[in-house]
Amino acid sequence: MNLPFLGHRHHKHGDTELPADPEAVAALLAECELLRAQAAEDGVRLDDTPASLEALDQLVPRWRDDAETLPWLGHDAGLYLGTVVVRTVPGAAWRIRSDGEPVVLLASGREFEVVDAGQDWAASGVPELSQLYGEIAEV
């Protein structure tokens with residue numbers, strides 16, 4: 001996911017730093033419209049908490065039958081996982097890599113490619129989003 005609308009970014013060790021307003025970028029990455037719509041159809045409210053990840057894990061994966069929807073929903077699932085991590089794990093923040101892909105950076109310096117994880121979850125349900133959150137939050 002290339003994010004050219006983020007404007008001027010400063011290079012640092014092959015990655016790019018977020019622009020001056022990281023909260024605005026975090027809000028943009030948190031939109032996840034397709035995932036939120038799918039969840040709402042199934043009565044699940046996504047409130048950016050770890051409990052909502054557990055609720056997502058329980059959804060019947062009807063999207064797997066739609067080759068067009070699957071990658072977009074997976075992308076949203078990864079961004080949503082990242083959103084929950086950034087909002088609930090102290091020191092976690094979004095970082096945009098030089099290839100334009102958003103990743104979650106923890107205070108320890110460890111990075112998580114949440115979009116890839118979301119796409120795996122959407123395609124197969126494994127690993128579960130709540131399980132990934134638990135692993136990330138423990139680091």
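Which residue in β5 is the bridge partner of L105? The bridge partner of L105 in β5 is E111. This pairing belongs to a chain whose architecture is set out below.

## Basis of the description

This is a predicted model, in which local features need pLDDT of at least 70 and side-chain atom pairs count only at pLDDT 80 or more, while totals for chains, interfaces and linings use all residues. Residues are numbered from 1 along each chain as its sequence is written, and side-chain values use heavy atoms, with hydrogens and water left out.

## Overall organisation

The protein chain has six helices and five strands. Helices (H or I, at least four residues) and strands (E, at least two) are DSSP runs, numbered from the N terminus. Read from the N terminus on, the order of elements is β-β-α-α-α-α-β-β-β-α-α.

Of the 139 residues of the protein chain, 45% count as buried. Here buried means under 20% relative accessible area and exposed over 50%, with partly exposed in between (1.4 Å probe, protein chains only). Among contacts with a separation of 6 or more, 60% are accounted for by residues 24 or more positions apart; a contact means heavy atoms within 4.5 Å.

## The strands β3, β4 and β5

Strand β3 (residues 93-97) pairs with β4 (residues 102-105) in the antiparallel sense over four bridges. Strand β4 is also joined to β5 (residues 111-112) by two bridges, and these strands run antiparallel. Two strands count as paired if DSSP finds at least two bridges between them.

| Hairpin | Residues between the strands | Glycine and phi |
|---|---|---|
| β3 and β4 | four residues | G100, positive, near 90° |
| β4 and β5 | five residues | G109, positive, about 95° |

Helix α2 (residues 33-41) has L35, Q38 and A39 buried. They cover an arc of only 95° around the axis, which puts them on the same side of α2; the arc is that of the directions from the helix axis to the C-beta atoms. On the other side of α2, E33, A40 and E41 are exposed. The cover over the buried residues of α2 includes α3 (50-57), α4 (69-88) and α5 (114-124). Just after α2, G43 takes a positive phi of about 80°.

Q38 has a relative accessible area of 12%. Leaving aside neighbours within four places in sequence, Q38 is in contact with R62, W63 and L73.

The axes of α2 and α4 come within 7 Å and cross at roughly 95°. Axes are lines fitted to C-alpha atoms, for helices over the stretch in contact, and angles run from 0 to 180 degrees between N-to-C directions. The two helices are therefore roughly perpendicular to each other, a description given to angles of 65 to 115 degrees (under 35 is roughly parallel, over 145 roughly antiparallel, and the rest oblique). At this meeting, E33, L34, L35, R36 and Q38 in α2 meet T69, W72, L73, D76, A77 and Y80 in α4.

## The nonpolar core

In soluble globular proteins, nonpolar side chains tend to be buried together. A nonpolar core is a set of buried Ala, Val, Leu, Ile, Met, Phe, Trp, Tyr and Cys residues joined through side-chain atoms within 4.5 Å. The largest such core here has 35 residues, and those with the most contacts inside it are L35, L56, L81, V85 and W121. Helices α1 (22-29), α2, α3, α4, α5 and α6 (129-138) each supply at least two residues of this core, and α4 gives the most, with eight residues.

Two residues illustrate contacts between parts of the chain. Beyond neighbours within four places in sequence, V85 is in contact with A92, V104, L106, Y133 and I136. I136 is found in helix α6 and is buried, with a relative accessible area of 4%. Not counting residues up to four places away in sequence, I136 touches V85, L106 and F112. I136 and V104 are 32 residues apart in sequence, and their C-alpha atoms are 9.7 Å apart in space.
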